[in-house]
2 protein chains.
Amino acid sequence: MNNMEDFFNYLSNGLSVSDEARDLISSIAKIKRFQKGDLLIEQGQENVLQTYFVLNGVLRSFVIDKNDKEHTVQFAIKNWWISDYIGYYSNSEAMLNVDCIKDCIVIKLNRASIQEVFTRFPEFETFHRKNLERTFVRLNKRIVNHLQLSARDRYLNFITEYPEMESVAMNYHIASYLGITQQSLSRIRSNT
Amino acid sequence: MNNMEDFFNYLSNGLSVSDEARDLISSIAKIKRFQKGDLLIEQGQENVLQTYFVLNGVLRSFVIDKNDKEHTVQFAIKNWWISDYIGYYSNSEAMLNVDCIKDCIVIKLNRASIQEVFTRFPEFETFHRKNLERTFVRLNKRIVNHLQLSARDRYLNFITEYPEMESVAMNYHIASYLGITQQSLSRIRSNT
DNA sequence: CATGATAATTAACATATGTTAATGTAGTTT
DNA sequence: AAACTACATTAACATATGTTAATTATCATG
């Protein structure tokens, strides 16, 4: 259905949502649609006040380096969150871009409103904290992978860890997530 | 002084610690001393129930790969936390080692006790959540650095970001943190 | 002071990955 | 169908980093 109900279903898997919490969230969460190529957050923008929950479609966050090369930090599909979490949590200008790579429907929330939810309904802060802990584990694993694995092994790990991504992300998106060039990824694929 | 009081000072910088909270924490936090070379957590051990707050000294977490090479995930000095956060938060066997690289005094806390603190004193959960958010930013930045910087630039970034580390960690510790060999680090240093 | 252990540097050579450029493929528009 | 565009593959060559091994430096200890 790709509507607010999907979001409440997602939340209900992790905590019990009271009617009051439901009302508050309904009033602050905005459903937005984006098309392939749309930019939700742009590197260098003054601040990052929003985070997005994906109902449908695919997005990515990435950085453009001084040689104009893109490096993918994160992908997001249904039921994932995405933003520039560097800018968002450190309250600084945007360090990353977030764009839409398949038409998508997202729920947009801003930090101040989420803080209000935490204050009025502490169980949401616990829910968020547990999510952060899981994400923290994923990031640590990614770092460990980068430290100890070759490009080929990182690729093999990626396709087993995120099998859905191969079909929705383009080759050079995946390469830039793995920290290699699209040509290297092609080479790796051809001798697998 | 390197005693429990230092820990309460640290906590007081982020939240206000009631007498009751102080009592509870005093009863669950244990001061431990380790010597250079001691292993606090060993890769493969059944579970990871502890996290450590550093009062003094230096520790590191690292993984040993299938070729017996070490890869440093994190360093910790005074006022930092350290553990195998992969095992700790995902409630799995230890994926990392934690060892002491300069004699140290730490406070040992276990997850269940910390959970009790969160339940009885929710402001501690907020404090922890904010710490996690900051750490999350640091990990994201590290990933972005790995994706876009050369070994030399990662090194230059490291010494400006963590200037204290150069004097306390050995060369091959730093190299393994940067994802390069000690020889490469030597090479980088010689043409800087 | 001499010895031995540990760590850091250097050099020659090997290899994985990057770079550039050409070619191939698929999907879209006219 | 032709032409165009975007993306993927391939190949020849370049370069950063790894590997191995020898040398040097540092520091504790007999």
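**What the labels rest on**

B:Ser61 stands opposite B:Gln74 in S4(B). This is a predicted model, where local features need pLDDT of at least 70, side-chain atom pairs count only at pLDDT 80 or more, and totals for chains, interfaces and linings use all residues. Residues are numbered from 1 along each chain as its sequence is written, and chains are lettered from A and ligands numbered from 1 in the order in which they are written.

Q: What makes S3(B) and S4(B) a pair?
A: Strands pair if DSSP finds at least two bridges between them. Here six bridges join S3(B), residues 50-64, to S4(B), and the two run antiparallel. They form a hairpin with five residues between them, and B:Asp68 in the turn has a positive phi of about 65 degrees.

Q: Why is strand S4 of chain B called largely enclosed?
A: A residue is buried if 20 or more other C-beta atoms lie within 10 Å of its own, exposed if 12 or fewer, and partly exposed in between, with C-beta atoms placed from the backbone. Six of the seven residues of S4(B), residues 70-76, are buried, so the strand is largely enclosed by the rest of the structure. For chain A, buried residues make up 30% of its 192 residues.

Q: How many helices and strands does chain A have, and what counts as one?
A: Chain A has nine helices and six strands. Both are DSSP runs numbered from the N terminus: helices are H or I with at least four residues, strands are E with at least two.

Q: Why is chain A said to be as compact as a globular protein of its length?
A: The globule rule is 2.2 Å times the number of residues to the power 0.38, and the radius of gyration is taken over C-alpha atoms. For 192 residues the rule gives 16 Å, and chain A comes out close at 18 Å, so the label holds. Along the principal axes, the C-alpha atoms fill a box of roughly 55 × 35 × 30 Å.

Q: How do you know which residues of chains A and B are in the contact?
A: Two residues are in contact if their C-beta atoms, placed from the backbone, lie within 7 Å. That takes in 28 residues from chain A and 28 from chain B. H5(A) gives the largest share of chain A's side, 19 residues. By class, that side has 13 nonpolar (Ala, Val, Leu, Ile, Met, Phe, Trp, Tyr, Cys and Pro), six charged (Asp, Glu, Lys and Arg) and nine polar residues (the others, Gly among them).

Q: Which residues come nearest DNA strand C?
A: Of the 16 around DNA strand C, those are A:Ala151, A:Ile180, A:Ser184, B:Asn171 and B:Ser190. H9(B) supplies the largest share of that surface, six residues.

Key: A residue is near a molecule or strand if its C-beta atom, placed from the backbone, lies within 6 Å of it.
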